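Please walk me through this protein model one part at a time.

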Amino acid sequence: MDSAAVDRFEAGRPRLASLAYRLLGSAADAEDAVQDAFLRWQAADRERIEVPEAWLTKVVTHLCLDRLRSAQARHERAAGARLPEPLLEGDPMLGPADTFEQRESVSLAVLTLMERLAPVERAVYVLREAFSYGHAEIAGILGITEAASQQHAHRARIRVAAERRRGSEEVDPASARRVVEEFLAAATSGRTERLVELLTDDVTAVSDGAGRARRLLRFTTRERVASYVRAGFRSTPAKRRLAGGSPSMHVAVVNGSPAVLAVVDGRVVGAVAFEVRDGRVASLCGVAAANRLVRLNEAWRRREPDAPVIDAW
């Protein structure tokens with residue numbers, strides 16, 4: 001393959017990877033899908049491809065749909081056993097992020113909800129909300145009618161909105177960070193009453209159980225979430241052994257949301273992302289499975305982190 005064809009593909013790789021990540025919720029799977037698309041680009045009769053960007057978008061979308069429809073993916077969704085892979089601020093897979101809708105579409109809260117959509121619904125939702133494709137274009141990509149695209153988009157929006165049970169809004173990053181820092185202080189000090197005060201009435205929490213649970217752990221109501229958080233942030237010798245040491249706690253930005261990262265010897269061993277609304281925590285998403293933290297760790301090692309909010313947990 002000539003260098004011009006390689007350069008053309010590489011110029012579009014970040015956008016394709018971002019599309020695949022939103023569809024699959026996994027950076028590793030997204031990279032595999034994009035690499036498969038490159039192999040197809042390499043083997044294609046490129047002179048007959050009128051619009052390479054559209055062709056590649058269609059190829060990547062269908063490769064992702066194949067993965068979403070696979071037996072393993074169906075089993076994981078049915079078992080409620082997987083969370084999206086968190087990505088650190090600045091990761092190119094988080095783009096595009098020009099509009100609130102685009103930024104929200106890559107939040108861990110929305111990606112978790114999208115796990116419950118049918119594969120075609122998820123594809124329509126992502127192409128429409130995150131990449132602003134028209135329904136005629138989506139119909140061409142997915143091989144469905146324009147009316148079907150509109151119906152899938154409508155159903156997906158309703159399902160996501162119903163699950164979130166709240167109006168979405170932009171949040172000032174500095175204000176959100178202050179809420180998270182106060183929340184962490186209350187969680188680690190055992191101030192359960194203050195924890196409850198810092199939660200919205202419709203708060204939800206989901207966790208992979210330190211990467212050891214077969215099914216995701218889900219909690220609702222302020223009291224249950226506060227109890228779960230208090231227990232989770234209580235430092236014990238057993239937890240420190242599991243983490244490989246005494247973690248420092250850092251506040252960072254993950255998938256556009258404030259997050260607490262537990263770090264041992266420069267390695268992130270756990271991440272909790274927060275959704276903040278009206279000065280309180282509306283949702284938490286905790287990820288500690290090592291295979292879901294690989295890319296985040298790679299990015300963490302490349303940057304000079306801020307001082308920890310807790311030196312040793």
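The paragraphs below go from the sheet to the pocket, and then to a helix, the cysteines and the chain's later part.

The model is a predicted one. Strands of a sheet pair through backbone hydrogen bonds, and the pairing can be parallel or antiparallel. Here 6 strands make up an open sheet, and their order across it is 2-1-6-5-4-3. The pairing in this sheet is mixed. Strand 2, residues 217-220, and strand 3, residues 248-254, stand at the edges. Each of these two has a single partner strand, so one side of each has no neighbour in the sheet. On average, neighbouring strands are turned by 20° against each other, with direction ignored.

Next, look at strand 5 and its two partners. With strand 4, strand 5 runs antiparallel, and 6 bridges join the two. One of the residue pairs here is leucine 261 with alanine 271, its bridge partner in strand 5. The hairpin of strand 4 and strand 5 has 2 residues between the strands, and in this hairpin aspartate 265 takes a positive phi near 50°.

Alanine 273 is bridged to cysteine 285 of strand 6. The hairpin of strand 5 and strand 6 again has 2 residues between the strands, and there aspartate 278 has a positive phi near 55°. Strand 5 is mostly covered, with 10 of its 11 residues buried.

Rolling a probe the size of a water molecule over the atoms shows where empty space is left. The second largest pocket has a volume of about 830 Å³. It is lined by 35 residues, and those closest to its centre are Ala210, Gly232, Val269, Gly270 and Ala288. Several elements each supply at least two lining residues, among them strand 1 (199-207), helix 12 (222-233), strand 4 (257-264) and strand 6 (280-287). Which strand gives the largest share of this lining? Strand 5 does, with 6 residues. Sorted by class, the lining holds 24 nonpolar, 6 polar and 5 charged residues.

Is cysteine 64 buried or exposed? Its relative accessible area is 0%, and because buried means under 20%, cysteine 64 is buried. Cysteine 285, the partner of alanine 273, has a relative accessibility of 6% and therefore counts as buried too. A disulfide is a covalent bond between the sulfur atoms of two cysteines. A search of the whole structure finds 0 disulfides.

Finally, turn to alanine 307, which lies in the segment after helix 14. Its relative accessible area is 63%, and because exposed means over 50%, alanine 307 is exposed. Along the chain, alanine 307 and leucine 24 are 283 residues apart, and their C-alpha atoms are separated by 33 Å.

Methods. Residues numbered from 1 in each chain as written. Predicted model: local features only at pLDDT ≥ 70, side-chain atom pairs only at ≥ 80, totals over all residues. Heavy atoms only, no water. 1 Å grid on protein atoms, 1.4 Å probe; cavity = no way out; pocket = protein on both sides within 12 Å on 5 of 7 lines; lining within 4 Å. Points joined across faces, edges and corners; volume = space filled by probe spheres on them. Helix = DSSP H or I, 4+ residues; strand = E, 2+ residues; numbered from the N terminus. Nonpolar A, V, L, I, M, F, W, Y, C, P; charged D, E, K, R; others polar. Disulfide = S-S within 2.5 Å. Buried < 20%, exposed > 50% of the residue type's maximum accessible area, 1.4 Å probe, protein only. Pairing = 2+ DSSP bridges. Axes fitted to C-alpha atoms, helices over the stretch in contact; angles between N-to-C directions.
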